[in-house]
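Trainee: Please show me the structure, and then I will ask about the terms used for it.

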Amino acid sequence: MTRPLTSVERSIQGRMSWLQEEERKAIESRGEIGRMEFWLRLTRSEITKEVKVGRGDVIAGFTQVCRLFKLVLEKRQAGDPRLFDHLMQYADTVLKQHGPRN
């Protein structure tokens, strides 16, 4: 017999369901571009919330991530896909361990 979920657990479960449903709708509507745009909108909203509560370092962190991704793309365009492959493997590992779909 399983115990009933706490309000916090129900809230987390509801949030995960909402994320999955919104991502699915974005994919149905615009494909992988829709998925990317969904996560960018969500990230932008989270960044705004972080700044409002005084954690402005989130802007520098996101800037670094964007610069890293741009560098990785440039290396791949120049014929060296290793950094892109490593970044994708790392992202996959982190998301599996800590991501919104646990």
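Mentor: Start with Trp39, which is partly exposed because its relative accessibility is 26%; buried means under 20% relative accessible area, exposed over 50%, and partly exposed in between, with a 1.4 Å probe and protein chains only. This is a predicted model, where local features need pLDDT of at least 70, side-chain atom pairs count only at pLDDT 80 or more, and totals for chains, interfaces and linings use all residues. Residues are numbered from 1 along each chain as its sequence is written, and side-chain values use heavy atoms, with hydrogens and water left out.

Trainee: Why does Phe38 count as buried?

Mentor: Phe38 has 5% relative accessibility, so Phe38 counts as buried.

Trainee: What makes the pair of Trp18 and Phe38 tilted?

Mentor: Rings of Phe, Tyr and Trp (its six-membered ring) pair if their centres lie within 6.5 Å; planes under 30 degrees apart count as stacked, over 60 as edge-to-face and the rest as tilted. The centres of the Trp18 and Phe38 rings are 6.2 Å apart and their planes are at 55°, so this pair is tilted.

Trainee: What is the pair of Phe38 and Trp39 called?

Mentor: That aromatic pair is edge-to-face, with 5.0 Å centre to centre and 70° between the planes. Trp18, Phe38 and Trp39 form one aromatic cluster.

Trainee: How do you know that Arg76 lies over the face of Phe84?

Mentor: A charge sits over a ring if NZ of Lys or CZ of Arg is within 6 Å of the ring centre and within 35 degrees of the ring normal. Arg76 is placed over the face of Phe84, at 3.9 Å from the ring centre.
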